[in-house]
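Here is a short briefing to read alongside the model. Take a look at the chain first, and then we can walk through it topic by topic.

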Amino acid sequence: MNREKLREGFFHVFKAAGYSLAGLRTGLRLSLAFRQEAAILAVLIVMLAAFGKPFTTWLAALGAWFLVMAAELLNTALEETLNLITRDYNIAVKHAKDMASAAVFLMLALNAGLWFAIFVLKSF
């Protein structure tokens with residue numbers, strides 16, 4: 001691989017990070033659910049610290065919550081895209097939006113179980 005390609009690849013990482021940060025800012029601006037999930041993330045961090053949880057528990061809890069937030073961003077992106085296609089009622093659009101919402105719900109259910117194990121059962 002020549003130097004120019006290596007340099008392009010190196011700078012691509014920074015460009016991609018910029019796009020990702022822009023996506024997070026957009027999610028915070030456009031999605032009430034994502035803003036709520038960001039606030040819950042802060043509460044989760046405080047709870048993990050207050051309960052003195054080990055590093056592996058932090059990793060599992062934050063990783064699982066990041067999955068919720070990622071699903072929410074994808075859900076919002078899908079809704080925005082589908083709204084560009086049509087504002088009229090369409091059963092296929094409804095199905096797509098409902099399934100994306102269900103993905104977020106499944107991640108929330110996973111987190112409910114995980115947090116129950118961490119903070120109530122104290123088994124994690």
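Contact here means heavy atoms within 4.5 Å. This is a predicted model, in which local features need pLDDT of at least 70 and side-chain atom pairs count only at pLDDT 80 or more, while totals for chains, interfaces and linings use all residues. Residues are numbered from 1 along each chain as its sequence is written, and side-chain values use heavy atoms, with hydrogens and water left out.

**The nonpolar core**

- The largest nonpolar core has 13 residues, and Leu44, Leu48 and Trp65 have the most contacts inside it. Such a core is a set of buried Ala, Val, Leu, Ile, Met, Phe, Trp, Tyr and Cys residues joined through side-chain atoms within 4.5 Å.
- Helix H2 (32-50), H3 and helix H4 (91-120) each give two or more residues to this core, and H3 supplies the largest share, six residues. Helices are DSSP runs (H or I, at least four residues), numbered from the N terminus.
- Beyond its neighbours within four places in sequence, Leu44 touches Ala61, Leu62, Trp65, Trp115 and Phe119.

**Charged residues**

- The structure holds one salt bridge, a term for a side-chain nitrogen of Lys or Arg within 4 Å of a carboxyl oxygen of Asp or Glu.
- The side chains of Asp98 and Lys94 form a salt bridge, at 2.5 Å from N to O. These two residues are separated by about one helical turn because they lie four residues apart in helix H4.
- Asp98 is partly exposed, with a relative accessible area of 39%, and Lys94 is partly exposed at 36%. The classes are buried (under 20% relative accessible area), exposed (over 50%) and partly exposed (in between), with a 1.4 Å probe and protein chains only.
- Glu72, in helix H3 (residues 55-85), is buried yet has no salt bridge, and the nearest side chain of opposite charge, Arg35, is 10 Å away. Lys and Arg count as positive and Asp and Glu as negative, with His and the chain ends not counted.
- Leaving aside neighbours within four places in sequence, Glu72 is in contact with Ser31, Ala33, Phe34, Glu37 and Val104.

**Helix H1**

- Val13 sits in helix H1 and counts as exposed, at 52% relative accessibility.
- Gly23 also belongs to helix H1 (residues 3-30), and at 32% relative accessibility Gly23 counts as partly exposed.
- Gly23 and Ala77 are 54 residues apart in sequence, with 9.7 Å between their C-alpha atoms.
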